[in-house]
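Please brief me on this predicted model.

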Amino acid sequence: MGAPETALAQNPVDQIRRAIAQWMAEHLTGEFAALRHRGGPGDEGADPALRKRWEREMAAGGWTCVGWPEAYGGRGLSIDAQVAFHEEYARAGGPGRMGHIGEGLIGPTLIRYGSDAQKARFLPGIVEGRTFWAQGYSEPNAGSDLANVQTRCWQCDDGSWRLSGQKIWTSLAHESDWIFVLARSEPGSKGRHGLSFLLLPLDQPGVTIRPIRQISGEAEFNEVFFDEAVAEADGLVGEPGKGWEVAMGLLEIERGVSTLGQQMHFAHELGLVVEVARRNGADRDPAFRARLARAWGGLRVMRYNALRMLSGGDDLKLGREALIYKYHWSNWHRDLGKLAMDALGPEADTPSEDPAVRRLQQVFFFSRADTIYAGSNEIQLNLIAERGLGLPREPRG
Amino acid sequence: MNLGLSEDERMIADAAADLLGQRSDSAAVRNCIEGEHGSDTALWQQIASELGWCAVGIDEAADGMGMGAMAQALLFEQTGAHLLCAPFFSTVALGANLLTHCGSESSRQAMLPAVADGGLSLSAPLPSTPDWRTAAEQVEARSAGDDWRLDGQVDRVPDAAYVDAWLVFARCDAQGDIGLFRVDAKAAGATVTMHPGWDATRCFGSLRLDDVAAERLDEGLTLQGLSQATAYARLYLAAEALGGAQRCLELTTAYVMERKQFGRAVGSFQAVKHRCAQMMVAVEALRSGVYGVARLSEQGAAIEHLAAECAAVRLQADEAFFFCAQEAIQLHGGVGFTWEYDPHLYFKRAQAARHWLGAPEALAEETADYVLNEVAA
């Protein structure tokens, strides 16, 4: 479903495009063939052990952390080349990356805010696909109001840290080795002040992980309880009490590079909708066809939206297209899930063994989370109105 | 594909916004639509003859500036935002566009330079069907030696009374063949009747042709040519709608900040903020669509694909523009319902524009047909 764009042969971006496409064709085979199009959002429970082996396969081919500077084990690819990498990876049906929190979130954070010792200790494990990370931000009372973190941490005489409290919506915590956490180090502080950013291993007596069963029946998210869990003295990133700046710096790092890869997954899902509609005759129903046309148009717009973001040059200020991006894709995806179920008709109502149908059922259920996590629809609309249109701000703590 | 604007493109868009902001403001538009002549002749002279707007998209070989669909779309975005009352869309998006994609080499060479220098204004039917050729249903062409004579009726011609010549589709003799003809507005036997519309910013007329002399422009209409002309016209309609939707958002944002109730600006209430934010989502998504398809067309995309993208973006434009226009009325409260405030001008345009070159249902069907055939089984 890609656009028929003409491209010049032999430029560095095309070289990467061809190289990854060829590598995927050669390596996403054998035992890994079962992972094609698996393990994305809503399907993160798909064979984690095999997907961890896949991470090591990627690492051996030099395809992890391609956007990182070469000094830290990356390839230092340009934005355009990274986009090409993500597109081709997804086009080939590359599985959801077990390593994406390490590669996309904590790695870049450590590169920017970490000490030399932290970089030396943690980055190689991410590049080599050996260490898997979880993110500990949200809490039962810190969702949209993320700064309302209540988990406490304090430093002991030997310099190490203790942590008590609860995190929630931690994806794949049960499959991860380490977690990064935002916790309150200054008792009595409020909001974004007095928070610290800590790294700690999950396999220790002070940490209890409990899966959360989702509406799909699966459990990708967890609650993580800390009862005087230990972080080493070296586990603090940045200054004590300045954890919010570190956490927010992460958001600036993300420039939407992986979004074009996400769209390849969406295109694949739209293709599955077409497939089931052809099979059961829904493709002849004018009402279905009209909705399919809009879904396709919406996906094209999403692509142009991402290209607009990436054409923004070095201007770090969020453009208007970046402000609407999350609201647009998440609502589009939710609609796609509904369209898929409507196309399936009664077949939608039974858990299916058919991989295509099962995938669409997952999209239907999991996409309900798309408009909630990472800034709910309501928070997104506040941000758009306030930053995009200059309307008065909501009161904040 | 780079969706950033080049310096030239940005300059053209900014200059158009400045000029129309002054010369086609609310007072000027109202003057025009409530006056005797539905077109601003002085402003048209300025943009066509002095500023060379009609030359922007015409090939350099025909004395144009040879800029691409993006520059063209940026201009239509501005004329749509300011509801320009002049035959700019008719001349460029209908006339020059049809001529470029359906006309013969010699007819292009004969007419496009005159369009480019502002000396020839054009129009053509803008039917409510997806297939332009339906405009030929009531017109018959007879060949008379090298010349042609036309008889019949042509409906839905925008700015019909304000242009120098019309491009008319007609059935040729008994063969069922359809041709594209030029008829001069002053030709003997041609009469124009303008019809009042709720959307008075784009006035439609019908032509009565009684044994009128005409010049054939095509050497056989091809589906490819028609498809291209239709695709570009839809893209430019979407660009106009983008400007209109953006303007609705601006008017609304300004109003909700100025209007106070319960001691505070109504724009500080979340119920209002969220509706404004949803307008912005619709506007920016449409902007991405319009700019993206414009760039895609400049890269020489296959016509089947370009046609589907243009149908889809026109469909999106219809929904975004009408949504923004209706929200503008609602969020202006009581004054949004008055003749005095501007939202109704956009509301009427949005409703009128929704069937130009295909109602939403037809556009969706065209798009779906492409998607279902294109996605590998």
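**A strand pair in chain A**

Ala134(A) stands opposite Ile179(A) in S4(A). The model is predicted: local features need pLDDT of at least 70, side-chain atom pairs count only at pLDDT 80 or more, and totals for chains, interfaces and linings use all residues. Residues are numbered from 1 along each chain as its sequence is written, while chains are lettered from A and ligands numbered from 1 in the order in which they are written.

**Strands S1(A) and S4(A)**

- S1(A) pairs with strand S4 (residues 178-184) of chain A in the parallel sense, over four bridges. Strands (E, at least two residues) and helices (H or I, at least four) are DSSP runs, numbered from the N terminus. Pairing needs at least two DSSP bridges between two strands.
- In strand S1 (residues 133-136) of chain A, Trp133(A) and Gln135(A) point one way, and Ala134(A) and Gly136(A) the other way. In a regular strand the side chains alternate between the two faces of the sheet.
- All of these S1(A) residues are buried. Buried means 20 or more other C-beta atoms within 10 Å of the residue's own, exposed means 12 or fewer, and partly exposed is in between, with C-beta atoms placed from the backbone.

**Chain A overall**

- Chain A has eleven helices and eight strands. Its radius of gyration is 22 Å, close to the 21 Å that the globule rule gives for 397 residues, so chain A is as compact as a globular protein of that length. The radius is taken over C-alpha atoms, and the rule is 2.2 Å times the number of residues to the power 0.38.
- Along the principal axes, the C-alpha atoms of chain A fill a box of roughly 70 × 45 × 45 Å.
- Of the 397 residues of chain A, 44% count as buried.
- Asp47(A) sits in the loop between helix H1 (12-27) and helix H2 (48-60) of chain A. Asp47(A) counts as partly exposed because it has 15 C-beta neighbours inside 10 Å.

**Domains**

- Chain A is assigned domain 1 (12-98), domain 2 (133-241) and domain 3 (255-388). Domain bounds come from an automatic or database domain assignment.
- The C-alpha centres of domain 1 and domain 2 of chain A lie 29 Å apart. Their contact takes four residues from domain 1 of chain A and six residues from domain 2 of chain A. Contact means C-beta atoms, placed from the backbone, within 7 Å.
- Chain B divides into domain 1 (7-121), domain 2 (132-216) and domain 3 (223-374).
- In chain B, 21 residues of domain 1 are in contact with 25 residues of domain 3. H4(B) gives the largest share of the domain 1 side, ten residues.

**Between the chains**

- 41 residues of chain B are in contact with 38 residues of chain A. H8(B) supplies the largest share of the chain B side, 15 residues.
- That side of chain B divides into 20 nonpolar, 16 polar and five charged residues. Ala, Val, Leu, Ile, Met, Phe, Trp, Tyr, Cys and Pro count as nonpolar, Asp, Glu, Lys and Arg as charged, and the others, Gly among them, as polar.

**Core**

- The largest nonpolar core has 234 residues, and Leu198(A) and Val273(A) are among those with the most contacts inside it. Such a core is a set of buried Ala, Val, Leu, Ile, Met, Phe, Trp, Tyr and Cys residues joined through C-beta atoms within 7 Å.

Technical notes
Contact = placed C-beta atoms within 7 Å.
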